[in-house]
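Below are my comments on the model, arranged as numbered points.

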Amino acid sequence: MSDRARVGAAPAAKDDGCVHHLAARAARPRDRADLGHDRVTGMLADLRRTLLDRYGTSGEGRLDSSRRAAKRLVVPVRFHVLHSGRQGGLSKKAVKRQISTLNAAYGGKKGGVDTRVRFRLKSSDWTNSAAWFYHPEHYERPIKRRLRKGGRGTLNVFTAAVGTDVLGFSTFPEWYRRDPRMDGVVIDYRSLPHGSFTQFNRGYTAVHEIGHWLGLMHTFEGGCTPPGDGVADTPYEAEPAQACPRSRDTCPQRGRDPVHNFMDYAHDACMRGFTAGQRSLIRDSWAAYRAKGHGRHRVDLGTREASAARTVGGAR
């Protein structure tokens, strides 16, 4: 998860997932998904091991050429609106607008590649609870236990007053097997399209958090230290982008910072798209953790051992 900037009234976020922090109006972080080097390398290694176990290969090129990974992925969405009376009571139109924003962003309509991921609203519901609405992190477990629907391939989105410290938070696909009932994404209702969070009201907090749910890390993960975010075509980035920088280069490795990437922390107006490498990582993560039919499918394709975790997103 990631964090964006202080707005509204909510408890401080714990730094154990993906949350966007909100601190000066011009420097809002998005979530709590800053993972740390050891956790990132462990997650990338687990992804390779899982792909090898399920498909006999850990290379995204080989997976993308298969029938399983090549066709469009349509994700069913269960949308849960938490509110306190009229506060936070989003309309059906607002929910549908957020789904449209997701499809445009993941379809490459704002810039970047088409990830071939689409979202279909399966259901929406409204829960009137002041405690849940104002303190979604504190009550995250009972909220999800009560409202969450579907299996590993169903996206559950919850809206509430997430933030003084973050705009949203998400689980990663690897975590599903450990605690399925906690799977899902929570975003601040004011970050939806036409919401009241200045600079963060185009619906891209949901785009960002769902990126984590699909397996993507922050572009600035680990700073200039390998493996970064595990994606070859998102250049290393020393720190999150704030506001909307025109261009910058904060690491000695090749490439300018991906400040316009949806997995950075810039203002919504600055965010434009995903990369081909991120698309591959999404497909790999889905195949490993969210696709149906878990079980071994061993094929000797001459792949390297799973310990070479850095190659998940391709060589940099």
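1. A crossing counts as right-handed if the near helix is turned clockwise from the far one by less than a right angle, and as left-handed if anticlockwise. In this predicted model, helix 4 passes helix 7 in a right-handed crossing.

2. The two helices in question are helix 4, residues 92–106, and helix 7, residues 204–213; their axes come within 9 Å and cross at roughly 60 degrees. Helix 4 is therefore oblique to helix 7.

3. On the helix 4 side, the contact is made by Q98, T101, L102, A105 and Y106. Their counterparts in helix 7 are Y204, A206, V207, I210 and G211. Sorted by class, this contact between helix 4 and helix 7 has seven nonpolar and three polar residues, and no charged ones.

4. How many cavities of 30 Å³ or more does a search of the whole structure find? The search gives two.

5. The lining of the largest cavity consists of M43, L44, L47, F172, E174, G215, M217, L281 and S285. Helix 1 (37–55) and helix 8 (276–290) each supply at least two of the lining residues, and the largest share, three residues, comes from helix 1. By class, this lining has six nonpolar residues, two polar and one charged.

6. Around the second largest cavity lie L82, P136, E140, I143, K144, F158, F169 and V186. Which helix gives the most to this lining? Helix 6, residues 140–147, does, with three residues. Six residues of the lining of the second largest cavity are nonpolar and two are charged, while no polar residue takes part.

7. Two backbone details deserve a look in the display. Most peptide bonds are trans. The bond from P226 to P227, however, is cis, with omega near 5 degrees. P227 is placed in the loop between helix 7 and helix 8.

8. The other backbone detail concerns phi. Most residues other than glycine have a negative value. R116, which is not a glycine, has a positive phi, near 65 degrees. The loop between helix 4 and strand 5 (117–128) holds R116.

Note on methods
Residues numbered from 1 in each chain as written. Predicted model: local features only at pLDDT ≥ 70, side-chain atom pairs only at ≥ 80, totals over all residues. Heavy atoms only, no water. 1 Å grid on protein atoms, 1.4 Å probe; cavity = no way out; pocket = protein on both sides within 12 Å on 5 of 7 lines; lining within 4 Å. Points joined across faces, edges and corners; volume = space filled by probe spheres on them. Helix = DSSP H or I, 4+ residues; strand = E, 2+ residues; numbered from the N terminus. Nonpolar A, V, L, I, M, F, W, Y, C, P; charged D, E, K, R; others polar. Axes fitted to C-alpha atoms, helices over the stretch in contact; angles between N-to-C directions. Parallel < 35°, antiparallel > 145°, perpendicular 65-115°, else oblique. Contact = heavy atoms within 4.5 Å.
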